[in-house]
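Student: I'm new to this one. Can you walk me through some of the helices and a couple of single residues?
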Amino acid sequence: MLRPESARWQGYVEDTITIDWQTPPVMEKARALASGCLDDVSKARSVYTFVRDAIAHTADAGRDELPCRASQVLEAGTGIGFSKSHLLAALLRAVGVPAGFCYQVLRGAAEEHGTLLYGFNGIYLQSLERWVALDARGNRPGLDAEFSIDEPRLAVRAEPLRGEWIYPLIWTRPAAVVVDLLSRNTSLARIAEHIPEELPGVSREEPNAVQA
């Protein structure tokens, strides 16, 4: 069960260097996406659908860019899953929907390939008094993420029997190891061997915040 790392709402709506939702392009896009929406659920659905479908996943689209800041992801129109989670959080915060960051650890296509970190979002819908998990990675054959206010519909879901897990916290900021990965590399081809295997120093049962 995902739960917020902090009882203070400020962290889930703050503007930061990475989640720079107060930049004019992000604010303008957020307002456009929320136009005509009557509640936080419809706002969240509109924003989520845009990020999932209109922002291309870099690998799926055969592109090479690796933007990190939300505004950079919006400008580039592409990003990997971590990057898209930054943009989703920024756009949601811009329309008043608290949003944070979640991570799971998955195995590669073959067991011997080890594990890799995978990011998605946790958002709070005040009208429902509920945290909801959203994965805006982008769909393709075999991957089917949807907006769901009940059971999470992630593109990929951790399977404990395979030694995979979901960290139980919703962090206010993206993990430092993720921000460092995207900030130090500008090419998708360069990071294949550098995607973190897990969150360093964080227990899968009772993790501590590792933020940037």
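Tutor: A term to begin with: a crossing is left-handed if the near helix is turned anticlockwise from the far one by less than a right angle, and right-handed if clockwise. Helices (H or I, at least four residues) and strands (E, at least two) are DSSP runs, numbered from the N terminus. This is a predicted model, where local features need pLDDT of at least 70, side-chain atom pairs count only at pLDDT 80 or more, and totals for chains, interfaces and linings use all residues. Residues are numbered from 1 along each chain as its sequence is written, and side-chain values use heavy atoms, with hydrogens and water left out.

Student: OK. What is the handedness of the crossing of H1 and H2?
Tutor: H1 and H2 cross in the right-handed sense.

Student: And at what angle do they pack?
Tutor: The angle is about 120 degrees, and the axes of H1 and H2 are 8 Å apart. Axes are lines fitted to C-alpha atoms, for helices over the stretch in contact, and angles run from 0 to 180 degrees between N-to-C directions. H1 is therefore oblique to H2; angles under 35 degrees count as roughly parallel, over 145 as roughly antiparallel, 65 to 115 as roughly perpendicular and the rest as oblique.

Student: Which residues meet there?
Tutor: From H1, Lys29, Leu33 and Ala34 meet Lys43, Ser46, Val47 and Phe50 of H2. Contact means heavy atoms within 4.5 Å.

Student: Which residues of H2 are buried?
Tutor: Asp40, Val41, Ala44, Val47, Tyr48, Phe50, Val51 and Arg52 are the buried residues of H2. Buried means under 20% relative accessible area, exposed over 50%, partly exposed in between (1.4 Å probe, protein chains only). Their cover includes helices H1, H3 and H4 and strands S5 and S6.

Student: Back to H1. How does it cross H4?
Tutor: The axes of H1 and H4 come within 8 Å and cross at roughly 70 degrees, so H1 is roughly perpendicular to H4. This crossing of H1 and H4 is right-handed. Val26, Lys29, Ala30 and Leu33 in H1 meet Ala90, Leu91 and Ala94 in H4.

Student: New topic. What is the phi of glutamate 129?
Tutor: Glutamate 129 is not a glycine, yet its phi is positive, about 50 degrees. Most residues other than glycine have a negative phi.

Student: Where is glutamate 129?
Tutor: Glutamate 129 sits in the loop between S5 and S6. With a relative accessible area of 66%, glutamate 129 is exposed.

Student: Last one: where is serine 203?
Tutor: Serine 203 is in the segment after helix H6 (188-191). Serine 203 counts as partly exposed because its relative accessibility is 32%.
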